[in-house]
Amino acid sequence: MAALGLSPELQSPELVAGVSSVPEVLMDWMEYGLNGVDAIRIVVSCVAFYFGIILLLRIFGQRTLASLSSFDVAAIIAMGAIIGRSILGDTPTLAAGILGLATLLILQALSGIGRRFGFVRSVVNSPAVVLMAGREILTDNLSKSHVDHDELVAKLRSAGIRNRDEVACVILESTGQISVIRRGAPISEEMLTGVVGADRVPRDG
């Protein structure tokens, strides 16, 4: 008890127990806290992973996340766990989780604002691509967009297309969805603005 630096009259068991419990309380609160170095590491890791994911989506195409099988969902959950552990470190804390989430939300908000500008939009979003022009399947664009022939035909069936002659064009949108435009009316230029391969689409509908 003398090691605590208390006078003999203050060295009651209750007081000593209270003083010795202070470090334990501080340690418990530190489990929820975050120091400056860890905060910087979390922010930098969030930014790196965010732009890394954008880069991978640009490499593998916008169809990567557009249509997910059960295997794809399981893989994404596993990747999310790996990314989360990499960002937050070995011993995640409440403050670290809040900071990581806030950083990702801010990055998403900034990218949304940046999409108003052409340069940022071209970096964040992949351009729409023509997959079919009239009845012609553009195999070169299919290959570049990582869309296979069977997937295209399945989309035509789901759109109620009975044969290729009914198709004006098929476009892979920047969101990864596939749009099917039927013949029957002329296609305005506005509908094809910024679409890769639009010059190959017949305008007569």
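**View 1. The chain and its accessible surface.** The accessible surface of the chain comes to about 13200 Å², by the Shrake-Rupley method with a 1.4 Å probe. Carbon and sulfur atoms hold 66% of that surface. This is a predicted model, where local features need pLDDT of at least 70, side-chain atom pairs count only at pLDDT 80 or more, and totals for chains, interfaces and linings use all residues. Residues are numbered from 1 along each chain as its sequence is written, and side-chain values use heavy atoms, with hydrogens and water left out. Of the 205 residues in the chain, 26% are buried (under 20% relative accessible area; exposed means over 50%, partly exposed in between; 1.4 Å probe, protein chains only).

**View 2. Strand β1 and its partners.** Strands are DSSP E runs of at least two residues, and helices are H or I runs of at least four, numbered from the N terminus. β1 pairs with β3 (residues 167-172) in the antiparallel sense over four bridges; pairing requires at least two DSSP bridges between two strands. A133 has C169 of β3 as its bridge partner.

**View 3. The hairpin of β1 and β2.** Two antiparallel bridges link β1 to β2 (residues 136-137), and M132 is the bridge partner of I137. Two residues lie between the strands, and G134 takes a positive phi near 65°.

**View 4. L55 in helix α2.** Look for L55 in α2 (residues 36-60). L55 counts as exposed because its relative accessibility is 52%.
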